[in-house]
Amino acid sequence: SQVHPDLHTYSILWTLMKGFHDPIVSRADKQYRGFATCRRLIAEMVTHMPVISEAEPFPRELYESIILSFSLTEDQAGTAVALRALQRYYQMYPSEETARTIVLQLARLGLADETGHKPKRLNLSSPVTRERIAQVTKILGTFKTQRAEALLQHGIVFDQLQGGGRLEETLLLLSDLLRYAAQAKLSGEERPNYNAALASAAAAEQMNAPECALWTPHSVVVVGAQGGRNLGVL
């Protein structure tokens, strides 16, 4: 009978992926030039979905490794699709660690040291780094405020959300933050007809999760509240 990969298999593969894309690892140590991309590996996971059960739930450590791997490649569209795919197929939502990983990913965008090179690691004690993190956090806070106002128009108080509703809002906020960064990058490129929505759709297709392209106007839907009704479009 055919042997299918299990969660342990993917835990090993994503640990290798994380190491492969870690800029602190010497290029001389990266022997496997043909190593799969993050998008290809998650497409394999979606195709050969391991059975998730209470006896063997999806490991949180594996989830964080996947998001960190995408972050190390500075793939905002891929990161956002991965957030939705992991929720859709494995019922996993981002945590505080996930949010921190994404904020640090975006704080590192365009950063250069005195020699003009991208630093391999963020110096968290540097005033420049702290300012960048503060800027990203401020943008995230603005999106949260806007989302809370939109929900309130439908009688939903953001800070009173619990369970699945709160987790879904966290996912959407992180996705919006990634979209903001991706669109800012794309605006500097000479592709006037290409935008974040198209980038998201392309990433979702490559990741074998076309229904997980998040960067389109999303509905105000609260899981576990209001009967899960669609309450309008943002």
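This is a predicted model: local features need pLDDT of at least 70, side-chain atom pairs count only at pLDDT 80 or more; totals for chains, interfaces and linings use all residues.
Me: Let's start with helix H1, residues 7–21: what should its 15 residues span, and how far apart are the end C-alpha atoms?

Reply: At 1.5 Å a residue, the 15 residues of helix H1 should span 21 Å, and the end C-alpha atoms are 21 Å apart, so the two values agree.

Me: Which residues are buried in H1?

Reply: The buried residues in H1 are Leu7, Tyr10, Trp14, Met17 and Phe20. They cover an arc of only 140° around the axis, which means that they sit on the same side of H1.

Me: Why would residues three or four places apart point the same way?

Reply: Because an α-helix has 3.6 residues a turn, residues at that spacing point the same way.

Me: And what covers the buried residues of H1?

Reply: The cover includes helix H2 (38–47) and H3.

Me: What caps the N-terminal end of H1?

Reply: That is aspartate 6, which has a side-chain oxygen 3.2 Å from the backbone nitrogen of histidine 8.

Me: Switching to rings, how many aromatic pairs does the structure hold?

Reply: The structure holds 3 aromatic pairs.

Me: What lies over the face of tyrosine 63?

Reply: Arginine 60 lies there, at 4.7 Å from the centre of the tyrosine 63 ring.

Me: Back to H7, where I'm looking at serine 175; is it buried or exposed?

Reply: Serine 175, which is found in helix H7 (residues 163–187), has 2% relative accessibility and therefore counts as buried.

Me: What is serine 175 in contact with, leaving aside its neighbours within four places in sequence?

Reply: With those neighbours left aside, serine 175 is in contact with Ala80, Leu83, Leu214 and Trp215. Serine 175 and leucine 83 are 92 residues apart in sequence, yet their C-alpha atoms are 7.8 Å apart in space.

Me: Last topic: what is the phi of glutamate 74, and where is it?

Reply: The phi of glutamate 74 is near 55°, a positive value in a residue other than glycine, and glutamate 74 lies in the loop between helix H3 (60–72) and helix H4 (76–90). For context, most residues other than glycine have a negative phi. Glutamate 74 has 18% relative accessibility, so it counts as buried.

Me: And asparagine 208, what is its phi?

Reply: Its phi is near 60°, also positive in a residue other than glycine. Asparagine 208 belongs to the loop between helix H8 (196–206) and strand S1 (219–221), and because its relative accessibility is 37%, asparagine 208 counts as partly exposed.

Notes:
Residues are numbered from 1 along each chain as its sequence is written. Side-chain values use heavy atoms; hydrogens and water are left out. Helices (H or I, at least four residues) and strands (E, at least two) are DSSP runs, numbered from the N terminus. Buried means under 20% relative accessible area, exposed over 50%, partly exposed in between (1.4 Å probe, protein chains only). Contact means heavy atoms within 4.5 Å. The expected span of a helix is 1.5 Å times one less than its number of residues. The arc is that of the directions from the helix axis to the C-beta atoms. A polar contact is a pair of N or O atoms within 3.5 Å; within protein, one must be able to donate a hydrogen and the other to accept it, and residues adjacent in sequence count only if both atoms are side-chain atoms. Rings of Phe, Tyr and Trp (its six-membered ring) pair if their centres lie within 6.5 Å; planes under 30 degrees apart count as stacked, over 60 as edge-to-face and the rest as tilted. A charge sits over a ring if NZ of Lys or CZ of Arg is within 6 Å of the ring centre and within 35 degrees of the ring normal.
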